[in-house]
Amino acid sequence: MNLTPMRYKSYTWPHNPRVYSIDFQRPVAVHKTPFGRYQLQDLGLGHRVMEGEGEFVGPGAYEEFQRLACVFYEDGPGLLVHPLWQVANAYFVSLRVEQEPRPDYVRYAFTFWEEHGLYNGLATRVTGGSAGQEEPGAAQGTGQAVYHRVARGETLWALAGRYGVSLAELVALNPQIKNPNLIRVGEEVRVA
């Protein structure tokens, strides 16, 4: 299976990390009630924690790690695009080197925390229009909405490339899509 490379902000991994894990959290409070009973209270979903490990190998191993470290030092969240996970707006919270120094090998580990705002407030409201065609009078640069009807085998990633927009912009234009890794045949996707 050939997977697309993992990306975060401006950095694209030259090859995907070796190990991935994702931790879903749902905090629950326990309240004691009379006669030895208790009641559970669901406090809602917590943030996802996405971790992984990998290696950079070859003459440019340390330079590649330095490029990743530069992205770590950037402020604020960014779009984390993983070949299998749901796309997430995430903070890069840790980056760790995990081996003795060698000139052509760097083993590293990373952690990302999901930022909840990806689907709330970033996207603009989708107005009417027909899938796969422009609204009346729509043209490049006029600000009119343009839609695409999803065909079998299409992905948001491919549509972003086809219409010349970033994946983050496409996600922001389509708040109705809760999981950017899952779009359905016949679904209307706003592309401009």
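In helix α1, the residues A61, E64, F65, L68, A69 and V71 are buried (under 20% relative accessible area with a 1.4 Å probe, protein chains only; exposed is over 50%, partly exposed in between). Seen down the axis of α1, these buried residues fall within an arc of 155°, so they line one face of the helix. The arc is that of the directions from the helix axis to the C-beta atoms. Their cover includes β1, β2, β6, β8 and β9; contact means heavy atoms within 4.5 Å.

The model is predicted: local features need pLDDT of at least 70, side-chain atom pairs count only at pLDDT 80 or more, and totals for chains, interfaces and linings use all residues. Residues are numbered from 1 along each chain as its sequence is written, and side-chain values use heavy atoms, without hydrogens and water. Helices (H or I, at least four residues) and strands (E, at least two) are DSSP runs, numbered from the N terminus.

Seven strands form an open sheet, ordered β2-β1-β7-β8-β9-β6-β3, with antiparallel pairing. Strands pair if DSSP finds at least two bridges between them. The edge strands are β2 and β3. Five bridges join β3 to β6.

The structure holds nine salt bridges (a side-chain nitrogen of Lys or Arg within 4 Å of a carboxyl oxygen of Asp or Glu).

E64 and R67 are three residues apart in α1, so about one helical turn separates them. E64 is buried at 13% relative accessibility. R67 is partly exposed at 43%.
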